[in-house]
Amino acid sequence: MRFLKYIIIGIFLSLGTASNGLAQECCPTDSIYKRLALQEVVITENISGDNALLKFYKSTKTSSTEDILARLAAVNLIRRGSYAMEPVIRGFSANQTSLTLDGIKIFGACTDHMDPPTSYVEPSNLKSIQLATSAMASKFGSNIGGSLNLQLAQAQLGTEKPVSGMFTSSYSLASQSTNNALELNYGAKKFGLRFSGVYRKAGNYLANSQEVPFTQYQKVNFSINAKYMLKENSFLSLDILADDGWDIGYAALPMDVAFAKAKIYALSFKSYPKNKAFSYFEAKVYGNNIIHSMDDTKRPLTPMHMDMPGWSDTYGAYAETAINWNPKNLLTIRTDGYSNLTRAEMTMYPQNSAPMFMLTWPDVRNTTAGLYVNNDYLLNKKFTYNLNGRVDYSRSKVTSETGRTQLEVFNYNVDNARIKILKNLNTGVSYKSGNFHSSVSLGYSERPSSTNELYGFYLFNAYDGYDYIGNPNLKDEQSLNAELNLGYSIKNTAVNISFFNNEIQNYTLGKYHPEISVMTIGGNGTKIYEQVANANLKGLEIGLTTALLKNLQLVSNARYTKGTDNDNKPLPLISPLKFTSSLRYTKSKFSLQAENVWASAQNHVSALVNEKTTPAYTLVNLRGTYTFKVKQSKLELNAGVENLFDTYYQDHLDWGNIPRPGRNVMAGVSYVF
Amino acid sequence: MKNILKYITLVSFTILSAACGKNEEITKTPINKIKVGEAYALGAATKIQLWADADLNTGYNKLYISALDSASNQQKADATFSIKPMMTMNMTGGMPMTHSSPFEQADASAKKDMLTPAAAIFSMPTSDSGSWKIEVTLNGGKKAIIPIIVKQPTESRLTTTTSVTDNSVYMVALVPSVAYKVGSDDFELQISKKIDGNTYTAANDLTVEITPEMPDMGHGSPNNVNPVFTKNGHYKGKVNFTMTGYWKVNLKIKDGQGALVSEDTFFKITF
């Protein structure tokens with residue numbers, strides 16, 4: 001409980017609230033630096049009280065992981081359907097960022113990014129989402145664009161009631177969707193068991209009163225956490241998570257998904273020694289297996305049926321410790337490693353002719369081992385100095401003969417493994433005095449090239465309509481990052497502003513090769529991944545929380561990113577200026593929340609990928625909640641209208657010319673016991 | 001993958017059954033070879049045996065010749081050979097007609113494991129209206145006439161083209177590959193110029209361009225290497241296949257003067 005409270009306060013800090021009874025005067029803790037560099041959103045239940053920020057992030061108990069991510073000021077989502085949206089951090093996309101599930105590396109099994117790892121988890125599985133940009137981002141792996149670590153929810157031990165839990169169910173009219181979640185916790189003195197189960201089913205949604213085809217989906221998600229207290233402050237923890245999605249429409253792509261299945265499992269040991277110098281130790285072994293299969297059988301105009309299954313298997317381990325090696329220094333050391341094998345196939349079935357087969361991911365094994373070291377040094381009561389770095393050994397190898405010979409077509413010799421040493425170094429200073437706090441950080445980072453970029457074989461990109469070919473000779477992308485955070489808080493009001501600038505070298509993009517014929521029927525041409533000398537991403541985020549009246553709170557954020565390439569031309573898939581505001585009124589058992597999202601037009605588009613401009617839009621959502629106490633339990637009724645004015649719109653990061661849902665009336669019930 | 005496996009299984013079965021069948025006949029069985037015919041060279045007390053890598057097909061076939069002493073059944077190590085393929089056609093209501101086909105003469109210097117290599121480009125399969133024989137001359141003297149069966153492969157490995165410039169007739173044969181795969185494959189042609197029905201010469205001064213194509217999808221493949229002349233009418237290059245399935249490799253052939261011979265010939269390759 002206390003720990004949760006701690007994190008909740010942490011959020012306030014990260015957005016710039018004043019209350020700060022936490023920072024220990026003697027020693028630096030994670031929170032001192034993190035509150036400026038790391039945003040953490042707590043998700044799991046058992047949070048008492050009415051917290052506007054939490055409600056802001058998780059508008060309903062059946063919100064999806066993506067719903068929560070979208071509200072983080074630094075995160076935007078690439079949308080190819082109404083399922084499995086891909087997080088983008090400050091304009092950096094999947095290959096450039098690091099995404100982990102409680103430190104577990106997961107790689108999607110779809111060549112077209114239809115299954116980012118976030119799609120295999122549910123808020124019911126999670127305790128919190130940790131977003132790190134620039135300075136803190138390399139903890140979970142080499143990246144140039146930031147990291148998201150989704151922390152798994154754990155069983156609670158020694159609970160008041162042996163069994164507690166939550167059941168929630170909601171229904172939305174526009175998509176005739178139902179979302180249901182059950183969470184159970186059994187907490188004995190030394191042993192705890194937590195279960196969560198989620199079932200979602202959505203039909204095609206309506207926009208402008210018209211059905212938008214191929215926006216349906218269904219999924220089931222189960223997770224189990226078993227936690228055993230070995231001795232005081234030492235725990236053994238087992239996580240098993242299974243996610244199974246099927247019949248998933250991807251309106252913006254030429255194919256849907258027949259099924260997407262993930263099995264994720266981990267065994268960890270955690271210890272919080274009472275020894276003051278040695279404050280924390282964790283070790284974990286994990287694995288995950290993902291199968292993804294595309295489906296074109298429901299599309300009316302498919303020129304030729306094809307099967308496109310993909311597999312991704314990852315096994316890894318890490319160990320982490322925090323040492324207060326003297327009263328002014330906190331040292332965090334983390335070492336991690338994993339091995340990932342991906343394979344994707346494409347088999348096309350022409351009428352009256354032989355099937356055509358190729359490997360779109362040619363059995364690529366990536367093995368990475370790394371070391372991360374972070375030191376926070378408390379200079380004085382006002383200043384903390386931070387230095388951290390990561391070195392990764394990254395080895396990629398095409399493991400099958402078929403995969404090897406296939407790449408001969410492009411005169412690529414992949415007999416030898418590609419071995420790279422990736423380096424990340426960050427340093428920063430944070431300052432806090434009275435109501436003002438700030439931090440500044442500088443960093444250099446490198447990221448591994450992705451399987452698509454290195455070995456992809458005729459991967460059709462529906463965004464620009466080109467087939468993409470990998471290039472095993474790519475250099476690794478590098479970035480110089482600078483970030484400045486300024487925060488000011490007075491009673492009931494906090495404001496925080498972040499500026500960032502990333503100078504990227506060896507920026508990787510597809511270059512059109514007119515001499516290579518396009519494989520995909522109807523495609524525009526073939527591109528090969530190449531690199532331009534540099535690109536730049538810069539922008540800012542502003543966060544504001546304030547109590548306007550005693551019962552009326554406002555949470556608001558604004559975000560803007562500008563991306564330019566070598567020739568000062570716009571980079572693709574950059575979100576325009578966007579404001580999100582949430583006004584919340586609470587009175588005893590009743591609460592009402594009005595929310596506004598406004599996005600400006602995006603006219604800075606990339607001609608290289610045939611990007612289209614997107615007009616501005618504004619949305620209003622309304623939600624109301626009424627809570628009953630039923631003995632020891634709580635019954636909550638909620639209802640809402642999303643897109644109240646039935647605006648017909650698309651976000652700039654939405655693929656295809658697919659509208660978002662129109663007015664959507666929803667109602668739900670939750671029972672917490 | 002499945003296809004490749006199937007192919008490998010098939011090939012290994014062929015190899016195995018071929019190897020097993022021959023063991024009883026002679027002590028030294030040529031490895032990976034099939035006996036496609038044999039006959040006595042009359043008056044030389046010698047049996048001539050004809051071997052091949054696979055069943056004989058219309059198109060280019062590598063042949064291997066060996067000689068056995070009729071009495072001792074021992075290999076005759078010093079035998080030399082020359083060959084000539086002959087097709088006898090049973091013309092309805094007329095005299096049988098014979099013609100030959102392009103071939104590569106037995107090369108004693110390339111003899112290996114008692115087998116002297118040669119090659120024949122059969123222009124048609126054995127049928128009711130015609131049959132093939134190979135005339136093998138032993139040590140420049142006695143002859144053996146060996147009947148053989150030539151089959152029509154499922155995909156043609158031979159095309160005859162008449163030059164649009166000077167009406168010369170060329171026989172373009174695809175030298176078969178052991179197993180086509182996704183990736184970069186050897187692509188070898190043997191091209192002969194027809195002088196008359198019995199006389200062909202190796203065409204050594206042509207230029208050949210190849211353009212692979214997948215007719216079901218309408219795409220090609222990049223980085224192919226056009227076949228260039230090596231020797232005896234052979235042209236070697238590389239063809240790139242980006243996937244399994246049905247490919248059409250289009251040929252554009254020009255003669256020594258750079259004049260167009262043909263640009264509408266092709267080979268179909270399915271694997």
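Two residues count as being in contact if their C-beta atoms, placed from the backbone, lie within 7 Å. Keep in mind that this is a predicted model, where local features need pLDDT of at least 70, side-chain atom pairs count only at pLDDT 80 or more, and totals for chains, interfaces and linings use all residues. Residues are numbered from 1 along each chain as its sequence is written, while chains are lettered from A and ligands numbered from 1 in the order in which they are written.

First stop: show both chains. Here 21 residues of chain A are in contact with 21 residues of chain B. On the chain A side, select β19 (356-378) and α5 (401-406), the elements that give two or more residues to this contact. (Helices, H or I, of at least four residues and strands, E, of at least two are DSSP runs, numbered from the N terminus.)

Now hop to chain B and pick out the open sheet β14-β17-β18, an antiparallel trio. Its edges are β14 (207-213) and β18 (260-270) of chain B, each pairing on one side only. Two strands pair if DSSP finds at least two bridges between them. Zoom in on β17 (residues 246-254) of chain B: β17(B) and β18(B) run antiparallel over eight bridges. Click K248(B), and you'll find K268(B) of β18(B) opposite.

Last stop: color chain A by pLDDT, the predictor's confidence in each residue, from 0 to 100. The chain A mean is 89, with 92% of its residues at 70 or more. Then select residues 1-37 of chain A, where pLDDT stays under 50. Where pLDDT is low, the predicted coordinates should not be read in detail.
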